[in-house]
Amino acid sequence: MVTLEELEQIVRENGELEGWNFSQVNIDYEPIPWDYSSIVHSYLKPNDKVLDIGTGGGEIFLSLAPNFGEGIGIDQNPTMIETAKANQSRLGVKNINLIEMEGSNLQFKPDEFDIVLLRHLQVYVSEIVRVLRPGGYFITQMVGKRSTTNFLEAFGWTSDSFGPDWWQPVGELAKEFKHQGCSIVAQGEYDVRCWFKDIASFMFWLMAVPWPEEIQLEKHWQIINHILETSTTDRGIETNEHRGLLIVRK
């Protein structure tokens, strides 16, 4: 059993999440059928103009910058944009502009982008279709509602606890894009087991991702202990990851 004081010490030593940088999380997966960054890379061309919606700290978008001509990363959170700009400066990326903006109200002209990217956020179909050029692609990876089922159960939550607008199944999104006159290039899902290799990794992730209720150690430490006691295996602290993929052509 891990005491409250020990958990508090782990959280202090972990530090705060900057952007969406989870690189310090040590996690192992069963084989997964795709890698989001690799898929996006395969669609990029040197002269493309690319929009990344919900860019966070630019962790993925900045890494893809050498593969397209011009990019704009947006996020509704000003702190995320500040982090992304700091990362951009550190990496010396020159062909990306970072802007605070809502994904539901894109301040761009129609048919402006060759590719629109979005990962783990709500998709506003009509806005995305409007700013895509004819023949352009939208690529998204979505969090599935079956993710981390054992953790949700331990806290007494279900996927419905997140609210009715949280989940967008890729099948329903595909129907919406078809209704807008787009074609579906690829659609898929995976649900695989994964293991946090140490408590520090698990705690960093647990404290950083959005939940139906804010994680408070004084209130939830016994639940956290229950998870550690019931989910720890030889490979680490076990849970599952459910993801959806959708690639659309306008």
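**Leu118**

I looked up Leu118 in this predicted model and found Leu118 in strand β5. I listed the contacts of Leu118, setting aside neighbours within four places in sequence. The list holds Tyr36, Asp52, Ile53, Val123, Phe138, Ile139, Thr140, Gln141 and Met142. I also checked a distance to Ser23, which is 95 residues from Leu118 along the chain. The C-alpha atoms of Leu118 and Ser23 are 20 Å apart.

**His120**

I moved on to His120, in the loop between β5 (113-119) and α5 (125-131). His120 is not a glycine, yet its phi is positive, at about 65 degrees. I noted the background for this: most residues other than glycine have a negative phi. The relative accessible area of His120 is 27%, so His120 is partly exposed.

**Thr148**

I found another positive phi at Thr148, about 45 degrees, and Thr148 is not a glycine either. Thr148 sits in the loop between β6 (132-143) and α6 (149-155). With a relative accessible area of 9%, Thr148 is buried.

**Lys49**

I looked for Lys49 and found it in strand β2. Is Lys49 buried or exposed? Lys49 has a relative accessible area of 14%, so I wrote down buried. Which residues does Lys49 touch, not counting those up to four places away in sequence? I recorded Glu70, Ile72, Glu112, Phe113, Asp114, Ile115 and Arg133.

**Leu44**

I placed Leu44 in the loop between α2 (36-43) and β2. Leu44 has a relative accessibility of 10% and therefore counts as buried. Leaving out neighbours within four places in sequence, I found Leu44 in contact with Val50, Leu64, Asn67, Phe68 and Ile115. I checked Ile74 as well, which is 30 residues from Leu44 along the chain. Between the C-alpha atoms of Leu44 and Ile74 I read 18 Å.

**Gly54**

I found Gly54 in the loop between β2 (49-53) and α3 (61-64). Its relative accessible area is 21%, so I noted Gly54 as partly exposed. The cut-off matters here, because buried means under 20%. I then looked up which residues Gly54 touches beyond four places in sequence, and these are Ile74, Asp75 and Leu121. Asp75 is 21 residues from Gly54 along the chain, and their C-alpha atoms are separated by 4.5 Å.

**Helix α1 against helix α8**

I turned to helix α1 (residues 4-14) and helix α8 (residues 199-208). The two pack at an angle of about 75 degrees, and their axes are 9 Å apart. That makes α1 roughly perpendicular to α8, because angles from 65 to 115 degrees count as roughly perpendicular. On the α1 side, I listed Leu7, Ile10, Val11 and Asn14 as making the contact. On the α8 side, I listed Ile199, Ala200, Met203, Phe204 and Met207. Sorted by class, this contact has 8 nonpolar residues, 1 polar residue and no charged residues.

**Helix α1 against helix α9**

I next looked up α1 with helix α9 (residues 217-231). Here the angle is about 105 degrees and the axes are 10 Å apart. α1 and α9 are therefore roughly perpendicular to each other. From α1, the contact uses Leu4, Leu7, Glu8 and Val11. From α9, I recorded Leu217, Glu218, Trp221 and Ile224. By class, I noted 6 nonpolar, no polar and 2 charged residues in the contact of α1 with α9.

**The second largest pocket**

I finished with a pocket. Rolling a probe the size of a water molecule over the atoms shows where empty space is left. The second largest pocket has a volume of about 170 Å³. Which residues line the second largest pocket? I listed Val11, Arg12, Asn14, Gly15, Glu16, Leu17, Met203, Phe204, Met207 and Ala208. Two or more lining residues come from each of α1 and α8. The element that gives the most is α8, with 4 residues. I sorted the lining by class and got 6 nonpolar, 2 polar and 2 charged residues. Val11, Asn14, Met203, Phe204 and Met207 are among the lining residues, and I had already met these five in the contact of α1 with α8.

Methods: Residues are numbered from 1 along each chain as its sequence is written. This is a predicted model: local features need pLDDT of at least 70, side-chain atom pairs count only at pLDDT 80 or more; totals for chains, interfaces and linings use all residues. Side-chain values use heavy atoms; hydrogens and water are left out. Axes are lines fitted to C-alpha atoms, for helices over the stretch in contact, and angles run from 0 to 180 degrees between N-to-C directions. Angles under 35 degrees count as roughly parallel, over 145 as roughly antiparallel, 65 to 115 as roughly perpendicular and the rest as oblique. Contact means heavy atoms within 4.5 Å. Ala, Val, Leu, Ile, Met, Phe, Trp, Tyr, Cys and Pro count as nonpolar, Asp, Glu, Lys and Arg as charged, and the others, Gly among them, as polar. On a 1 Å grid over the protein atoms alone, a cavity is a set of points where a 1.4 Å probe fits but cannot get out, and a pocket is an open set with protein on both sides within 12 Å along at least five of seven lines; lining residues have an atom within 4 Å of a point. Grid points are joined across faces, edges and corners, and a volume is the space filled by probe spheres set on the points. Buried means under 20% relative accessible area, exposed over 50%, partly exposed in between (1.4 Å probe, protein chains only).
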